[in-house]
Each structure stands twice: as C-alpha cells, then as structure tokens.
Amino acid sequence: MNYYSTNHQSPAATLQEAVVRGLAPDKGLYMPEHIQPLPQEFYNDIDRLTFQDMACRVADAFFGEDIPQETLHDIVRDTLSFDVPLVRVGGPIFSLELFHGPTLAFKDVGARFMARLLGYFIHREGEGEVNVLVATSGDTGSAVANGFLGVEGIRVYVLYPKGKVSEIQEKQFTTLGQNITAIEVDGTFDDCQALVKDAFMDETLNAHMRLTSANSINVARFLPQAFYYFYAYAQWRKQTGQPAGARPVVCVPSGNFGNITAGLFAARMGLPVRRFIAANNRNDIFYQYLRTGVYSPRPSIATIANAMDVGAPSNFARILALYGNSHKDICADISGATYTDEQIADTMRKVWKENHYLLDPHGACGCRALQEGLREGEEGIFLETAHPAKFKDTVEGIIGQPVDVPAKLQAFMQGSKQSVAMPKDFGHFKEYLMGQ
Ligand SMILES: *Cc1c(COP(=O)(O)O)cnc(C)c1O
C-alpha cells in the first residue's frame, strides 16, 4: 500500500520510504491510501482472540501487502511482549493501562514496532547501518532508546537537555549502552531539536552516514497504536457482558494527537466506538478548534501533565485529512475537554480517595473528561498513558503519600549514567558524528 502526504506536494511513498523518511519531503505527514474495514466475524469473535492475534489481524490490514505475513506477525508479537489490561476504576469508567511496557508509557508500543520494522527493512536491503537521531524532553527518549536497544544495524543517538529531565527519565536512556548513545546537550529541548534538524539538512553529514528520525509522526510509530483500541474493546465486552454492537465512549489524553488519531483509524476499520473525547491540559489548541472551527497553534505552557505540553499538535493534519477538512464531521465524532493543573490534581486526589486508583497527571485528564462527559447509560474507557511512578515527585506532592516504584523502574535507577557532553552548537555535534 502507498502512503500520500497530507500536503499533497510529494509523490506517494512505499511503506519503506515513509518509515525511513518520517516526514514527507513537502513537510506533510504520511497517510495510508486506504483504511480497510475488518469483517463482521472478526468483531463477533473478538473477545475470544488474544491481544497478539487481534493485533496481527489489524497489522495485516495495514502492512500485509508490504511485509511477508510471518515476518509481520513476528514483529507484532515481539512488540507486544507485555499486557495492556483494562481495569474498572469505578461505575461506568474503565482505565486502559498502557504502562506495563519496558519504560512504563504507551510510547513503548509504537517505538518497539518501529524499531523492529526498520530493522527488517535494513536487513532486507542488505544496506549499512542506519543512525536514528532523536531529541527528547524525557518520555520519547526512553521509549525510543529501549525500543531500539539491541536491534541490529541501527544506532540511536538520544539528545536531551542537561539538567532538564527527571532523574528517572535520564536513567532510562543513559544506562543502556550497546547501540544507544545519550548526548547531554548544554541547552534546552529546543536546542536539542535544532541540532537534530540541522543534522538532517547537512549534506556532508548525510553523505557520511545514513540518518533517520524516530519521532511520533512516523507511520511505523503511529499506526501500531491502533492495536490496543481493539483489545480495550474486547476486554470491555468480556468484563461487562455487553452484547456485540454495544459501543463505549473512548477518551484519550492528548498532546500531539498521535494516540487518538490511531483510535480514529480503528473506528474507521469498524471498531464500535460511540464517540471520542480528546482531553487536553491547559494547552487546549484542539479544544478551541472544536469550539470555533479555527486552528490557532501557540507556544506551549508548562503543566504537570508535561508530555501533553504541545502548542501545535502535529497529527492535527492527519485528523483533517481523515475527515476531509470538515469541522462539522470532526465535531460529530470527537468532543474536547481542557483542565488546569489544579483540576488535574483534584481529580488525582479524589479518585485515589474514593476509588483507590492512582492516576498519573495525564490519565487524570482522561478520567475527569469521562466523569464529566458520559451521558446516562454510557460507559467509557480512558487511556492511562503512563505509570504514576514516572512522575513520582508530582504525584506524591498531590496525594501526600509515597508512591511505590515498580521493579522495572527501580532497575533503571541502579544502572550508571553514561553520556556524551555536548555544547549546543552544531559545529561540535557535526564533528562528533563525523568521527563515528
Ligand atoms: C506522549 C504522551 C501523551 C500524548 O500523546 P499524543 O499521542 O502526543 O497525543 C500523553 N501522555 C503521556 C504520558 C505521553 O508520554
């Protein structure tokens, strides 16, 4: 299947081209040319399938023409090496816990899938090493570094701002070794991003080494996120005894809108969803778009749900493409919500006290949007996008109690940090890469 650019100024790309390039040459986002609905019998029996088997069926619909089935299924099974349980928080509200992967956040799914798919393409071409450059403010770096760890033929350079990521986050990408190099930039996240951008533009450097990115707009990171919407639905049917055809409301804490867009794709494939809610923190660009029909990006504001501090959601272009630019059609399927830090903290305290369920600040936006948005007789699922222990200090400050740190996270804390110190000027960075 081919992929078109949302800007329509670049030729269609193959899956491999779309994955290696990330962004289309015209700076648009790649979209699959078709979204194939799955047959009714798949939905009738969905609660009898395992997560992996269900995901293989979904993967076949997107990637089946481009990758031999056995290879594709190996990639899917290897990606989904952990469970994504659906847990009832209270009443009609369910949490889809996406934090049981290696770095305890949902980005593990996309990062692990992309690493394996890119590894397959490199191996198939018999070409030399590929170098992934990724700038991070915290969570992306850990998911990408751990997703690509040990994948043959790929080297990863994670650029992060010195002193501006939490210790837990830093340990998740500076202690790995093998094919992962952490670069500690004396600057801000924007400086890190600028270094990566300059590297992609530099002809000498690109002649010296093959460079690619692993950011969240990549189709190989974005599409696999559709897998767990099907699994959420199957578990909900099983746990509640709802009949085939019953439809839950699905609520997604959103920043760059990749996660919710994957859910919209699942719905296009026939997944029964009543409607979607996009929950924002104070960075409510999408919420305002729903209200006014005008999309006006603006600089992001820092909040306690910091992985959603996005002022220009990159996947907005995909939502527009999916709905033929119709504001009316978008509003028919998706509603919005926006919460201040105070409201997020209140929700965390209240749900902890009343339901003994510990939310992280991102999931709290999703939970609250369901509490406020569900209508009589409806049930809803929100995506719990990260484990609360990833935001230990914030969460402890809010609930006034210590938070248990899962063994997986503690293991990272025991490793010793290895990083390359780098000033924020491109000359130094280029010289370093030329020496690799
Ligand atoms: C990345 C992230 C989000 C936002 O997801 P998008 O796909 O960018 O909308 C939400 N919560 C957590 C914990 C994240 O890491």
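Student: To start, how far apart do the C-alpha centres of domain 1 and domain 2 lie?

Tutor: Happy to take you through it, and keep in mind that this is a predicted model. The C-alpha centres of the two domains are 28 Å apart. As for which stretch is which, the domain assignment gives 84-104 plus 221-403 as domain 1, while domain 2 is made of 108-218 plus 413-434. So much for the layout; now the interface itself. Here 17 residues of domain 1 are in contact with 20 residues of domain 2. Together the two domains bury about 1,600 Å² between them, and 56% of that is on carbon and sulfur atoms. Three residues stand out on the domain 1 side: Thr-103, Arg-221 and Lys-390 supply 49% of the area that domain 1 buries against domain 2, more than any other three residues.

Across the interface of domain 1 and domain 2, the count of salt bridges is one. Polar contacts turn up too, with seven residue pairs counted between the domains. On the side of domain 1 that touches domain 2, the helices α10 (219-222) and α11 (227-240) each supply at least two residues. Sort that side of domain 1 by class and you get nine nonpolar, five polar and three charged residues.

Technical notes:
Residues numbered from 1 in each chain as written. Predicted model: local features only at pLDDT ≥ 70, side-chain atom pairs only at ≥ 80, totals over all residues. Heavy atoms only, no water. Domains from an automatic or database assignment. Contact = heavy atoms within 4.5 Å. Buried area = accessible area lost by both parts, 1.4 Å probe. Salt bridge = Lys/Arg side-chain N within 4 Å of Asp/Glu carboxyl O. Polar contact = N/O pair within 3.5 Å; in protein donor to acceptor, adjacent residues only side chain to side chain. Helix = DSSP H or I, 4+ residues; strand = E, 2+ residues; numbered from the N terminus. Nonpolar A, V, L, I, M, F, W, Y, C, P; charged D, E, K, R; others polar.
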